[in-house]
Amino acid sequence: MPMRGGMMRGGMLGFKPGPPFRAFIPHIPFDLNQCETSFPVARTAADEKALTDALLKRNGDLTPSTHEQSSILALVTKINTCLDNITITPGNFDAAQIEEVRQVGSFKKGTMMAGNNVSEIVVVLKTLPTKEAVTALGNKVVEDLRAAEPRQALTMLTSETGFEVSSHDATVRCLITTIPPNLKKLDPDLHLDGKIMNSHLGAIRHARWFEENASHSSIKVLNRLLQDLRNRFEGFSPLTPWIIDLLSHYSILNNPQRQPIAINIAFKRCLQILAAGFFLPGSVGITDPCEQGTVRVHTVMTLEQQDQVCYTAQTLLRVLSHGGFKQILGIEGNATIATEMSVWEGVVVTPSDKAYEKQEQKEEEGEEEEEEEMETEAK
């Protein structure tokens, strides 16, 4: 039976075979702690003790004082009580209905920093979260607080995430979200942003995971030290609180013995794996334990940010290798060691250069080179 004209052109039914399918296989960057038996430690105990003492001293400096902790705890307790009362007996308050209230953030996890006396509470509403409802809820909370303690000075401010209540020495942010079925019913002109509220639901999952898996004191110490590095070194600014939570847990517990390792070893390990490309494209990295499927947490960073974290870690690791831990921790010196050349006992440490360049920049540079060549030929 003759085939219709053109039926066999380009293969059966016009199908052209494409390139063979290649499965994505993430690589595992080199991690000294996963193969420590093959690389014996050559440092002396005195060197390690000096670093350990400096890490613990810095953690003590970064830990909130007893007064700070008691102030924030008192305000959190009062606001929680108000929100619980509104949930159980709303009375004549009908602007919103509360499903549940959860503590999240660094205060809940025990990783709060000194000088940042802020706690976070996620308020899950049964009703749709209109901006008017958020304002009304914030006013209701302050009204109940003032009724209980008339002399306490309080302020309330609304934002795109919810509202916050502040006393003279503490602040509690009430992050508003809604039950998952309501997320599909949101109107951008009337309600809070859906992405923000979805992130607030994620914060509840993060706090629960941290409480169940990362309660070891060394994890909290390392977490606080990494927060400090992020605050002082611009190259680490893309690291989110959730990435720091998971990186702290990984560095302390993810080893062949499955036992917590010493804080000095864990701190160096963080810089080592980041410098080896732990958060670069194609790396296995850390899979988000609170999301379905295989979501690698470092993919929330842009390619430029991933490169930035890597080359900053490479520079600081070289400084650390030559004894500059006091400058890295902020006990001495400043953050310029990550961006400017420094000398350590005759050894010059030059900051690593970025490896990634945006495609647009490359095209612009190519156009400029062509223009220069044309001008040269014209002359």
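In β5, the residue bridged to V122 is L175. Before going further, please note that this is a predicted model, in which local features need pLDDT of at least 70 and side-chain atom pairs count only at pLDDT 80 or more, while totals for chains, interfaces and linings use all residues. Residues are numbered from 1 along each chain as its sequence is written, and side-chain values use heavy atoms, with hydrogens and water left out. Helices (H or I, at least four residues) and strands (E, at least two) are DSSP runs, numbered from the N terminus.

**The sheet**

Five strands make an open, mixed sheet with the order β1-β2-β5-β4-β3; two strands pair if DSSP finds at least two bridges between them. At the edges are β1 and β3, each of which pairs on one side only. Ignoring direction, neighbouring strands are turned by 20° against each other on average; the axes behind such angles are lines fitted to C-alpha atoms, for helices over the stretch in contact, and angles run from 0 to 180 degrees between N-to-C directions.

| Pair | Sense | Bridges | A bridged pair of residues |
|---|---|---|---|
| β2 and β5 | parallel | 8 bridges | V122 and L175 |
| β3 and β4 | antiparallel | 5 bridges | M156 and V165 |

Strand β2 is mostly covered, with 7 of its 8 residues buried. Buried means under 20% relative accessible area, exposed over 50%, and partly exposed in between (1.4 Å probe, protein chains only).

**Helix α5**

Helix α5 packs on the sheet, where it touches β1, β2 and β5, and its direction makes about 115° with that of β5. The 20 residues of α5 (194-213) should span 28 Å at 1.5 Å a residue, so the 29 Å between its end C-alpha atoms agrees; the expected span is 1.5 Å times one less than the number of residues. Its buried residues include H200, H206 and W209. Among the elements covering the buried residues of α5 are α6 (217-232) and α7 (241-253); contact means heavy atoms within 4.5 Å.

**Helix α4**

Helix α4 (residues 131-148) has 18 residues and reaches 26 Å from its first C-alpha to its last, close to the 26 Å expected. K140 is one of its buried residues, as are L137 and L145. The buried residues of α4 pack against β1, β2, β3, β4 and β5, and also against α2 (66-88).
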